[in-house]
Amino acid sequence: MIKIYRYDITTKEFLQELEINEAYGTNLPFTTTIKPLAKKEGFAVCFNVTKWELVEDNRNKTIYVKATKEELKVDYLGKIKDEHTLLIPKQFDKWNEVSKSWVEDDTLKKEYEKSLIPKTITLRQARLYLLSIGLLDDLENIINQNRAYQIEWEYANQIEKESPLVKILGQTLNLDDTAIDNMFMEASKI
């Protein structure tokens, strides 16, 4: 009896040790008489036509595409491909090739935060919020000086953040864009 070692057709991974009668020969497909290397954690034992070698095995690990943050499962033998990483990205991260890590992208984060700010609020919400911060009387004094503003303030169902009225009132009350954004965020909760 002689020992032979069978390996996978595709991956060349060691599958099993067989004992066969020497009279039948050892020329079976995808087998070798060369004894495989000992198993090692994180590696597959593969035959490269002349010898056994340890090949990095990351199969079933979760990886991320550096360009898109897409989550994938490794389905191949060998090192992680250059376009993938095992590092987990956060919501606003972009891959930085220099540091070989995910880095928070301030522009993406600010765009997202800006998207959360309501574009409109009801006049009820606006009035109650302005009352709570002590600006309602000042605002109404300004509005009463312009008939068009009076009509909009009295009859509109909602107020748009980008409206000329909000811009003028913001300037008159010394409210910058951040203060107006905060006002719309807070007023929308009322």
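Trainee: What should I know before I start?

Mentor: The model is predicted: local features need pLDDT of at least 70, side-chain atom pairs count only at pLDDT 80 or more, and totals for chains, interfaces and linings use all residues. Residues are numbered from 1 along each chain as its sequence is written, and side-chain values use heavy atoms, with hydrogens and water left out.

Trainee: How many helices and strands does the protein chain have?

Mentor: Helices (H or I, at least four residues) and strands (E, at least two) are DSSP runs, numbered from the N terminus. Here there are six helices and twelve strands.

Trainee: Which residues of helix α4 are buried?

Mentor: Buried means under 20% relative accessible area, exposed over 50%, partly exposed in between (1.4 Å probe, protein chains only). In α4, residues 147-155, the buried ones are Y149, Q150 and W153. They lie on the same side of α4, because they cover an arc of only 100° around the axis. That arc is of the directions from the helix axis to the C-beta atoms. An α-helix has 3.6 residues a turn, so residues three or four places apart point the same way.

Trainee: What does the face turned away from the buried side carry?

Mentor: The exposed residues R147 and Y155.

Trainee: What do the buried residues of α4 pack against?

Mentor: Contact means heavy atoms within 4.5 Å. The partners are α2 (123-132), α3 (136-143), β12 (158-160) and α5 (164-172).

Trainee: Which residue caps the N-terminal end of α4?

Mentor: N146 does, with a side-chain oxygen 2.9 Å from the backbone nitrogen of A148.

Trainee: How do I read a sheet?

Mentor: Two strands pair if DSSP finds at least two bridges between them. β6 (residues 62-65) and β7 share three bridges. I63 has L72 in β7 as its bridge partner.

Trainee: Where is E13, and is E13 buried or exposed?

Mentor: E13 sits in the loop between β1 (2-7) and β2 (14-20). E13 is buried, at 17% relative accessible area. Leaving out residues up to four places away in sequence, E13 touches several others, including R6, A44 and R59.

Note on methods:
A polar contact is a pair of N or O atoms within 3.5 Å; within protein, one must be able to donate a hydrogen and the other to accept it, and residues adjacent in sequence count only if both atoms are side-chain atoms.
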